[in-house]
Amino acid sequence: MSKRISLICALTGLAAVGRIPFAAIPSVQLTTFFVLISGQVFGPRIGLTVGILSACCSNMLLGQGPWTIYQAIAWGLAGFSAGILGLFLSRQAISGKFFRLAGIGHAFLWGFGFGWITNLWHFYAFVYPHNWHTWMAVCLTSLPFDAAHAFTNLVAFTVLGPGVVAILNRYQQKLKVLMM
């Protein structure tokens, strides 16, 4: 149990700090990358936990607000879905190349999914009337930022992904941290 708690703390710390170097560039950050990798390697529960805690911890440095709960939901769902994808692909005995491509595609999609979930707080707080047309206007307005997030995820998974996954898999094997 203490191994899992320390693992979650370390992964959350990495994910939270992944926003700091790029804070001046909108939507460019490594938090989603670390949350997705956490879920993919260690399972949906650890991915969910790292996602939720990452939003809370990183916003302690960058500012809490009404968006924090939406970020926590979005990153939690991203980590959980990456865990489900990791479990499914590992049980199907799929080759490593397809496994990596599936992770990259999943990360790219979560760049947009994260944006759409966090758009909800803006939509409810600042937009009136609440209808399909205004929702689409909010989503179209955020499209360049969501694309930047998706592209950052794509680059991070392509460049850093194999090395980080290898390190985390080695840690999992060495310390017998079970997927949960």
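The legends below describe close-up views of a predicted model. In this predicted model, local features require pLDDT of at least 70 and side-chain atom pairs count only at pLDDT 80 or more, while totals for chains, interfaces and linings use all residues. Residues are numbered from 1 along each chain as its sequence is written, and side-chain values use heavy atoms, with hydrogens and water left out.

**View 1. Helix α3 and the residue that follows the helix.**
Helix α3 covers residues 44-62, where helices (H or I, at least four residues) and strands (E, at least two) are DSSP runs numbered from the N terminus. The end C-alpha atoms of α3 are 27 Å apart, which agrees with the 27 Å that its 19 residues should span at 1.5 Å a residue; the expected span is 1.5 Å times one less than the number of residues. The buried residues of α3 are P44, I46, G47, V50, G51, S54, A55, S58 and N59, with buried meaning under 20% relative accessible area, exposed over 50%, and partly exposed in between (1.4 Å probe, protein chains only). As background to such a pattern, an α-helix has 3.6 residues a turn, so residues three or four places apart point the same way. Just after α3, G63 adopts a positive phi of about 115°.

The side chains of V17, I20, M60, L61 and L62 make a nonpolar surface patch of about 490 Å². Patches are made of residues with over 30% relative accessible area and no salt bridge, like charges being joined within 9 Å and nonpolar side chains (Val, Leu, Ile, Met, Phe, Trp, Tyr) within 5 Å. A salt bridge is here a side-chain nitrogen of Lys or Arg within 4 Å of a carboxyl oxygen of Asp or Glu, and accessible areas come from the Shrake-Rupley method with a 1.4 Å probe, only the protein chains shown counting as cover for residues. Helix α3 gives the most to this patch, with 3 residues. M60 is found in α3 and counts as exposed because its relative accessibility is 64%.

S58 counts as buried because its relative accessibility is 0%, and N59 is buried with a relative accessible area of 1%. A polar atom of the S58 side chain lies 3.4 Å from the backbone oxygen of A55. The side chain of N59 is joined to that of R19 by a polar contact of 2.7 Å and to that of Q71 by a polar contact of 2.6 Å. A polar contact is a pair of N or O atoms within 3.5 Å; within protein, one must be able to donate a hydrogen and the other to accept it, and residues adjacent in sequence count only if both atoms are side-chain atoms.

Helix α6 (residues 132-159) has 28 residues and reaches 38 Å from its first C-alpha to its last, close to the 40 Å expected at 1.5 Å a residue. Among the buried residues of α6 are W135, C139, S142, D146, H149 and N153. F157, also in α6, is buried with a relative accessible area of 5%, whereas A147 in the helix counts as partly exposed because its relative accessibility is 32%.

**View 2. Backbone features in two loops.**
Y128 and P129 are joined by a cis peptide bond, with omega about 0°, and P129 is found in the loop between α5 (96-126) and α6. In the loop between α1 (2-17) and α2 (31-42) lies S27, which has a positive phi of about 70° although it is not a glycine. S27 counts as partly exposed because its relative accessibility is 27%.
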